[in-house]
Amino acid sequence: MGLALLCIIWLITFVSTYFFIAKTWWLPAGMAAAAPAIDRQFTVTYILMGIVFVAAQCGLGYLVWKYRDQGGTQKVAYSHGNTTLELVWTTLTAILFIGLNLIGSPIWAAERFDPPNANAVPVEVTGMQFAWYFRYAGKDGIFGATKPDLMDPSAGNEAAIGLDTNDPASKDDVVSGTMFLPVNRQVDLHLRAVDVIHSFFVPSFRFKQDAVPGLVIHMHFTPTQTGDYEIACAELCGLGHYKMHGMVKVVSQDEFDKWIAEQEAAKQ
Ligand SMILES: [Cu+2]
């Protein structure tokens, strides 16, 4: 029985480790400026935690086998702990976790606490049950007022986020259900939520941030490749959570300007 358990524990360990090493199910290619640094941190974390995982599971299998029931009448010896051993592993674990946090925090903080570039594109992202809306400030660079009592989610776009069309600053605001971004230009994100907490997740950009009702969260990132990328809501936000999906279209600056101009024209 002890040998069978050892075999099962080791088998599960090695099979699951294989899928991680072979990258059977893995992230899409990184398409944002911060992606290489985030992937490096991710790899370091995976390797370190992988070593700990394999060592712990191998130890578990071995001990299950070593201390199997061997019959006989030998009395069980109980251990009441080993202070030195406990101090050592607690210290090592603390060093590992605090160290990983310290290594990762500059990447995390740079997208949040550094001010955005002067030429960053401001985009307001609004999450609501169960759609994402993207607003561009237009030529004046100012987002017009939105009002909760003007919100009509069934009408979509401008009406969905409750844009106040009487506000002069809102006249040139463009609201879209698809996110358009110019390539190699920083995006100054203003992240909002209307009803519950949502999470704006673009796996290809290695970008994930909660959108919280009552808060406007500022973050920035820079897409580095043109193409279409998926947006998912990464926070269970209700019955339609599974379909709270959107697309980012990263295009050239010219195509972006053309698209904005078309949207402005359609408003007239
Ligand atoms: Cu959601």
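Me: Leaving aside neighbours within four places in sequence, which residues is V64 in contact with?
Reply: This is a predicted model, where local features need pLDDT of at least 70, side-chain atom pairs count only at pLDDT 80 or more, and totals for chains, interfaces and linings use all residues. Residues are numbered from 1 along each chain as its sequence is written, and side-chain values use heavy atoms, with hydrogens and water left out. Contact means heavy atoms within 4.5 Å. With neighbours within four places set aside, V64 is in contact with G2, L5 and I9.

Me: Is V64 buried, exposed or partly exposed?
Reply: Buried means under 20% relative accessible area, exposed over 50%, partly exposed in between (1.4 Å probe, protein chains only). V64 has a relative accessible area of 26%, so V64 is partly exposed.

Me: Which residues are the protein donors of the copper ion?
Reply: Donors are N, O and S atoms within 2.8 Å of the metal (3.2 Å for Na, K and Ca); water is not among the atoms, so sites may look incomplete. Here the protein donors lie 2.1 to 2.5 Å from the copper ion. They are H198 (ND1), C233 (SG), C237 (SG) and M244 (SD).

Me: What is the geometry of the copper ion site?
Reply: Four donors count as tetrahedral if all angles lie between 85 and 135 degrees. The angles among the four donor atoms are 90 to 123°. The site is tetrahedral.

Me: What is the relative accessible area of H198?
Reply: H198 is a donor of the copper ion, through ND1. H198 is buried, at 0%.

Terms used: Four donors count as tetrahedral if all angles lie between 85 and 135 degrees; four count as square planar and six as octahedral if opposite donors are over 155 degrees apart and all others between 65 and 115; anything else is irregular.
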